[in-house]
Amino acid sequence: MTNETHTPQEQPALNQPLSPQPPAQPPYDVQQPYGAQLPQQPYGAQQFQQPPVPPQNFVPFPSHTSLRRDIMSTCLTVLAFILTIQLGAGVLGAILMLAAEGPSNFLNETDVTSLIGKHIDLIMIAQLIAMTCGLAWFFLIRGKKFLTTDITKRNASPRASGIFELIALMFGIQFSTVLLAMLAETILRPAGLSATDSMDSSVMMMLSSPLGILYVVLIGPIIEELAFRGAVMRKLEPYGANFAIVTSSILFGLYHLILFQAVFAFFAGLIFAYAAGRYSLKWALLLHILNNLLATLTVLLPRALTMLPQDAAEEIVGMGFIALYFVGFVVAIVLLVVKRDSFKAQKVAGAPVLPRVFKTAYSHPAFIVYVSLTVLFGLVSVAVGL
C-alpha cells in the first residue's frame, strides 16, 4: 500500500454541488447587443420542477392578438396625451391671460402672437400643468410599472466610448437636419412656404422666458422620456427590441406635430430609445437634455455677445455649432463603417419575436389614425405658418 497525498489543487472540494449550476449573470450581458436573450432550455427540461400553477407575475408569450391590442392602446394613449397638452394648455393659458389682462383688454386684443409673447410665462405654466396631467394617461397601459420598472430598469453599464459614440451619432443627425432644412427652404421659399418658420417662432418665443428655458432644457425632456422611452417603449419591448425602438421613435417624432421637427425627433428618438434599452432611461434622458441644451445655446449665445451686431453674432454662433455637428457627422460615418458588424449583431439580437410584427402593427386602424392626424396637423402648420 502506498500513501497517496493530494496537493490542495488535487483535493476535491467537499462543499461544491454535485450537479453543475447555471452561472450567475444578469439577463443582459454587458457585451451583448440590446435585446439579446440568453439561451433557452429545451422544452420539458424542467417539467417536473415547474409549479402546477403559474406564478402571479406570469407573462404570456406575445401573439399577434396581444400585439394588435397593445398597439391600439399605445396609439390611443399617445393621442390622448397630445390632446390633453394642446387643449389643456390652450384653455388654461387663455384663462390665465384673461385674468391678467382683464375681460375688456383680452377680448379686444387682435394680435394673438403679441398677446402670447407678453404673457409667455403664463403660457409656459399652462403648458407644464397640461403635460404633467397628460402623463396620467400612461398609467392606463403600464399601471404601477410606469413609476417603477419603466424608470428603474437597467441592463448593461455604459462605457465612456459607448456614450461618446451615441453623442457623435446625435451630432451627425443634427448636421444632416441642417442640410435638410437648407434644401427644404430652397424648395419652399419661392412658393411663400417654410418648413422651419413655425418651429423657429415657437422656440424663440419659449426661450424668451426663464421658465421657457427651463421647460425646453429640463422639464420637457423629463416628461417626454417618461412617456416615450419609459411607458411606450417598455410596453412594446416584448415584441422585440428593434420593433420597440422604431415604433416608439415614430410615435415620438409625430408627437411634435411640426413635420420638419418630427423628422429630426424620429432619428434622435432612435438614439434615445437605444440608450434607454441598452443601458437605462437615465442615459436617454441625459442625451435628450444635452441635445436641447445645445439647441438652446444657439439662441442664447448670440444674445450674450452684445459687443457684436446681432446678425453677426448669430452667424458666428451658428457656424460654430455647424462645425461641431459636422465633426460629429464625420465620426458617425466612420462608426457606421467600422462598427457595421455590431449594427448587424443588434439587428439580429433585437429581431421581432413574431413574424410580420411591423406590418401587423402599422396596418392597425389606431396607428393609421394617429399618423394621419399628426401629419395633417403638420401640413396645416406649414401652410398657415403656425
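Tyr 255 is in contact (heavy atoms within 4.5 Å) with Phe 81, Ile 82, Ile 85, Met 131, Glu 224, Phe 228 and Tyr 370, leaving aside its neighbours within four places in sequence. This is a predicted model: local features need pLDDT of at least 70, side-chain atom pairs count only at pLDDT 80 or more, and totals for chains, interfaces and linings use all residues. Residues are numbered from 1 along each chain as its sequence is written, and side-chain values use heavy atoms, with hydrogens and water left out.

**Core**

- The largest nonpolar core holds 74 residues. Such a core is a set of buried Ala, Val, Leu, Ile, Met, Phe, Trp, Tyr and Cys residues joined through side-chain atoms within 4.5 Å.
- Phe 81, Phe 138, Phe 228, Tyr 255 and Tyr 370 touch the most other members.
- Helix α9 (residues 210–236) gives the most to this core, with 10 residues. Helices are DSSP runs (H or I, at least four residues), numbered from the N terminus.

**Surface patch**

- Phe 326, Val 330, Ile 333, Val 334, Leu 336, Val 337, Val 338 and Phe 343 form a nonpolar surface patch with about 690 Å² of accessible area together.
- Helix α13 (residues 310–338) supplies the largest share, seven residues.
- Ile 333 sits in helix α13. Ile 333 counts as partly exposed because its relative accessibility is 40%; buried means under 20% relative accessible area, exposed over 50%, partly exposed in between (1.4 Å probe, protein chains only).

**Leu 286**

- Leu 286 lies in helix α12 (residues 281–304).
- Its relative accessibility is 42%, so Leu 286 counts as partly exposed.
- Leu 286 and Glu 225 are 61 residues apart in sequence and 9.9 Å apart in space, C-alpha to C-alpha.

Definitions and conventions: Helix = DSSP H or I, 4+ residues; strand = E, 2+ residues; numbered from the N terminus. Patch = residues over 30% accessible without salt bridge, like charges linked within 9 Å, V, L, I, M, F, W, Y side chains within 5 Å. Areas by Shrake-Rupley, 256 points an atom, 1.4 Å probe, with all protein chains shown as cover. Salt bridge = Lys/Arg side-chain N within 4 Å of Asp/Glu carboxyl O.
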